[in-house]
Amino acid sequence: FTSTREMSLNTAHTSTGVLLHSGETILIYSSQVSIEFSGQNDEQFQASKTGKLYLTTHRMVFNNKDKEDPLQSFSFPFIALKDVQLEQPIFGANYIQGRVGAQPGGNFEGEAGFKLHFKQGGAIEFGTSMLRVAAVASRNVVEDAPPPYSPPTEDWYAAAAPPPYSSLPPEHQAYIPPPHVFPEHPAPGSVFVSTAPPPYPGIDGYAGGAGQVIQRGGHAGGDISSLDAPPSYQESSKKTD
């Protein structure tokens, strides 16, 4: 998958959790991920970092567990991703690598390489889902480029947790691996939503839900744009084996 748009640094967190756009929903969550950057000399990009990774309907978001690190969050809009590959070395754990371009006003310039390692496994499953979601989101672009990043100037609020055992809508469920691969949920009170909508499209185009969090296996409600249901995750995986 190849695209050439923008991403931003330290724009997707609050003091106690992740900060999403209005209408953006979480599809997959992992709390044991490490990331390494290349191609940037700034202090924020040095050394391996460990934290939480969210796959949403619009992007990937990394939140650092080290509150003293100069890089606290990193946002990867799908339209920013470039040369993403799922690596399966003979020796060592699987990982995801790629490049991402800088967003005007997003706190860094140029582009950065990245490698994602999943300490509890799931790199290939996460990467497969991410590439499928990214491909759909990129087809929904209606402009040559998204607007420059602007820091949230409006209020944000804690997202309501969905009831347990409720279902994701079929058009979202089809993009995620079986529940046992990523059984975790974001902690209560750790997901916040801005009143501003995403400046770039997701799998529902530029529209989205009601701005509440979606956990793995749960749906918080809100209007969802109608889409033809894509093939299931299992069906897609079989086609690419």
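Helices in this tour are DSSP runs of H or I with at least four residues, and they are numbered from the N terminus. With that in mind, remember as you go that the structure on your screen is a predicted model.

**First stop: a threonine in a helix**

Select residues 123–139, which make up helix α1, and then pick out Thr 128 within that helix. Is Thr 128 buried or exposed? Its relative accessible area is 17%, and because buried means under 20%, Thr 128 counts as buried.

Leave the helix and turn to charged side chains. Side chains of opposite charge can pair when their charged atoms come close. In this model the count of salt bridges comes to five, and the tour visits some of them.

Select Lys 82 and Glu 111, whose side chains meet in a salt bridge with a distance of 3.4 Å from N to O. Lys 82 belongs to strand β7 (residues 81–87) and Glu 111 to strand β9 (residues 111–118), so this pair ties together parts that are 29 residues apart in sequence. Lys 82 is partly exposed, with a relative accessible area of 21%, and Glu 111 is also partly exposed, at 29%.

Next, select Asp 83 and Arg 99, which form a salt bridge whose closest N and O atoms are 2.2 Å apart. This pair links distant parts of the chain, since Asp 83 sits in strand β7 while Arg 99 sits in strand β8 (residues 95–101), 16 residues apart. Asp 83 counts as partly exposed at 31% relative accessibility, and Arg 99 counts as partly exposed at 28%.

Keep Arg 99 selected and bring back Glu 111, because the side chains of these two residues also meet in a salt bridge, at 2.4 Å from N to O, which is within the 4 Å cut-off. Here the link runs between Glu 111 in strand β9 and Arg 99 in strand β8, which are 12 residues apart.

Terms used. Residues numbered from 1 in each chain as written. Predicted model: local features only at pLDDT ≥ 70, side-chain atom pairs only at ≥ 80, totals over all residues. Heavy atoms only, no water. Helix = DSSP H or I, 4+ residues; strand = E, 2+ residues; numbered from the N terminus. Buried < 20%, exposed > 50% of the residue type's maximum accessible area, 1.4 Å probe, protein only.
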